[in-house]
Amino acid sequence: MKPEFFFTETYAQARKSFLEAAEAAGGRVGHYLNPRATGPDGIHLFLDTALFGPREASTVLVNICGTHGAEGYGGSAAQCAWMMNGGPRALPGEVAVLMIHALNPFGFAWGLRGTENNIDLNRNFLDHSQSPPENPLYERLHRLLSPRRIDEGAIRELLREGTRFIAEHGRWALEDAISRGQYSHPDGYHYGGRAPEWSNLVLTHLLEEELAHASRVGLIDWHSGPVGDGELIYLNFSNPRGPEFARATRWWGEEHLDPRIVEAQWGSKRPTRRGILFWGIEKLLQPRASLTGAVVEFRSARPKSDPASSLRIPMLERWLRFEGGFDAPEAPGYFAEIREEYAPHRLSWYEAVIANSAECYEHALRGLGEWARENG
Ligand SMILES: [Zn+2]
């Protein structure tokens with residue numbers, strides 16, 4: 001099957017493909033309706049699951065797409081290709097796979113990164129009974145990043161103030177303040193929320209149910225966005241001196257996991273994120289099971305000409321949600337721009353996503369099979 005076969009235009013099509021592929025491959029499927037939101041034309045929003053391999057397996061690969069809604073297309077295509085190209089039949093005997101489709105179905109369906117409450121799900125996995133992490137530098141940037149109109153004037157002001165901020169704090173501080181997560185502005189960037197989001201609660205419930213017998217868990221959480229054409233970036237969040245990081249390196253290779261290489265691919269030192277899903281799962285599994293895996297990014301965006309243009313996509317999302325609305329005259333153009341950033345309509349991208357994701361699955365599953373046998 002040609003790579004483009006696995007790619008879809010809408011969340012509803014992606015969901016249909018996922019469920020058809022899962023059933024054809026003998027997966028045990030599950031559906032979770034989001035009762036708090038709907039999609040375009042009022043469609044219902046579901047997180048769907050498919051389980052392959054032995055029930056009560058002690059070694060399980062958890063594979064997620066759509067944590068950042070609009071980034072879901074690449075991961076959804078990768079999941080379908082794995083299921084339709086014989087992945088389930090080739091599983092090592094002791095290993096199960098739990099596929100989660102559209103962890104954030106609202107974002108997937110609308111073509112936005114955040115959830116129905118503008119929450120960045122990958123900043124939402126922390127103990128909300130504690131006071132939230134601070135991000136004092138974000139306070140200075142919020143107004144600047146939240147223009148009423150996205151026009152020349154707003155961009156000029158952003159560049160001018162951004163330059164001043166960088167002179168004072170450095171470039172990395174600017175990127176870190178914007179993207180590490182903030183818990184004070186519900187209408188802002190990378191907002192982590194003040195309570196577990198619906199998607200977080202469902203994932204937690206699912207993993208408690210499905211991983212009750214697991215002691216070895218792998219994770220591939222598909223994302224997209226960084227500049228490139230379908231190459232992978234592996235973001236690992238394990239202790240870099242611990243056995244989990246070493247295991248991920250054995251699975252996927254030093255050339256993908258070495259922090260220096262990853263930072264070069266990422267384009268800068270990574271932000272000091274809080275509340276990320278990887279740590280949420282790690283904590284949920286402790287002390288019973290150990291987690292090895294990564295957020296895996298499909299590079300997808302076109303190169304940016306200046307720092308302001310690298311902020312354009314999150315600015316558009318915020319504008320659609322809080323300034324202009326989804327029905328604004330500008331909205332169709334803005335949605336299309338966001339879509340091209342995370343899931344471009346390029347044959348070369350489709351080919352790379354399918355080939356690279358197949359390799360990523362193969363290496364993770366081989367590693368999980370070995371891990372299962374090591375421990376008998
Ligand atoms: Zn992402």
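**Helix packing and local features of the predicted model**

Helices H13 and H14 are oblique to each other, since in this predicted model helix H13 (residues 312-322) and helix H14 (residues 331-342) pack at an angle of about 140° with their axes 10 Å apart. The crossing in which H13 passes H14 is left-handed. On the side of H13 the contact is made by Ile 313, Leu 316, Glu 317 and Leu 320, and on the side of H14 by Ala 331, Tyr 334, Glu 337, Ile 338 and Glu 341. When the residues of this contact of H13 with H14 are divided by class, six are nonpolar, none is polar and three are charged.

The secondary structure of the protein as a whole comes to 15 helices and seven strands. For a chain of 376 residues, a compact globule would have a radius of gyration near 21 Å, and the 20 Å found for the protein agrees with this. The C-alpha trace spans about 60 × 45 × 40 Å along its principal axes, and buried residues make up 47% of the 376 residues. Of the contacts in the protein with a separation of 6 or more, 82% are accounted for by residues 24 or more positions apart.

A second pair of packed helices is formed by helix H8 (residues 243-252) and helix H15 (residues 347-374), whose axes come within 8 Å and cross at roughly 125°. Because the angles counted as roughly perpendicular run from 65 to 115 degrees and those counted as roughly antiparallel lie over 145, H8 and H15 are oblique to each other. H8 passes H15 in a right-handed crossing. The residues that meet here are Arg 247, Arg 250, Trp 251 and Trp 252 in H8 and Cys 360, His 363, Ala 364, Gly 367 and Trp 371 in H15. By class, this contact of H8 with H15 has five nonpolar, two polar and two charged residues.

The axes of helices H5 and H6 come within 7 Å and cross at roughly 115°, an arrangement that makes H5 roughly perpendicular to H6. Gly 162, Phe 165, Ile 166 and His 169 of H5 make the contact with Arg 171, Ala 173 and Leu 174 of H6. The residues of the contact of H5 with H6 divide into four nonpolar, two polar and one charged. Within helix H6 (residues 171-179), the residues Leu 174, Asp 176, Ala 177 and Ile 178 are buried, and what covers the buried residues of H6 includes helix H4 (136-142) as well as helix H5 (152-169). H6 is followed by Gly 181, whose phi is positive, near 110°.

Not counting residues up to four places away in sequence, Ala 81 touches Phe 6, Ile 354, Ser 357 and Ala 358. The C-alpha atom of Ala 81 is separated by 8.9 Å from that of Phe 5, although the two residues are 76 residues apart along the chain. The C-alpha atoms of Glu 152 and Ala 57, which are 95 residues apart along the chain, are separated by 56 Å.

Further local features of the backbone are found in loops. In the loop between strand S1 (28-33) and strand S2 (46-52), Asp 41 has a positive phi of about 60° although it is not a glycine. Asp 41 is exposed, with 7 other C-beta atoms within 10 Å. In the loop between helix H3 (105-110) and H4, Asn 118 has a phi near 60°, which is likewise a positive value in a residue other than glycine. Asn 118, however, is buried, with 21 other C-beta atoms within 10 Å. The loop between helix H11 (277-285) and strand S7 (290-298) holds Pro 287, and the peptide bond from Gln 286 to Pro 287 is cis, with omega near -5°.

Notes. Residues are numbered from 1 along each chain as its sequence is written. This is a predicted model: local features need pLDDT of at least 70, side-chain atom pairs count only at pLDDT 80 or more; totals for chains, interfaces and linings use all residues. Axes are lines fitted to C-alpha atoms, for helices over the stretch in contact, and angles run from 0 to 180 degrees between N-to-C directions. Helices (H or I, at least four residues) and strands (E, at least two) are DSSP runs, numbered from the N terminus. Angles under 35 degrees count as roughly parallel, over 145 as roughly antiparallel, 65 to 115 as roughly perpendicular and the rest as oblique. A crossing is left-handed if the near helix is turned anticlockwise from the far one by less than a right angle, and right-handed if clockwise. Two residues are in contact if their C-beta atoms, placed from the backbone, lie within 7 Å. Ala, Val, Leu, Ile, Met, Phe, Trp, Tyr, Cys and Pro count as nonpolar, Asp, Glu, Lys and Arg as charged, and the others, Gly among them, as polar. The radius of gyration is taken over C-alpha atoms; the globule rule is 2.2 Å times the number of residues to the power 0.38. A residue is buried if 20 or more other C-beta atoms lie within 10 Å of its own, exposed if 12 or fewer, and partly exposed in between; C-beta atoms are placed from the backbone.
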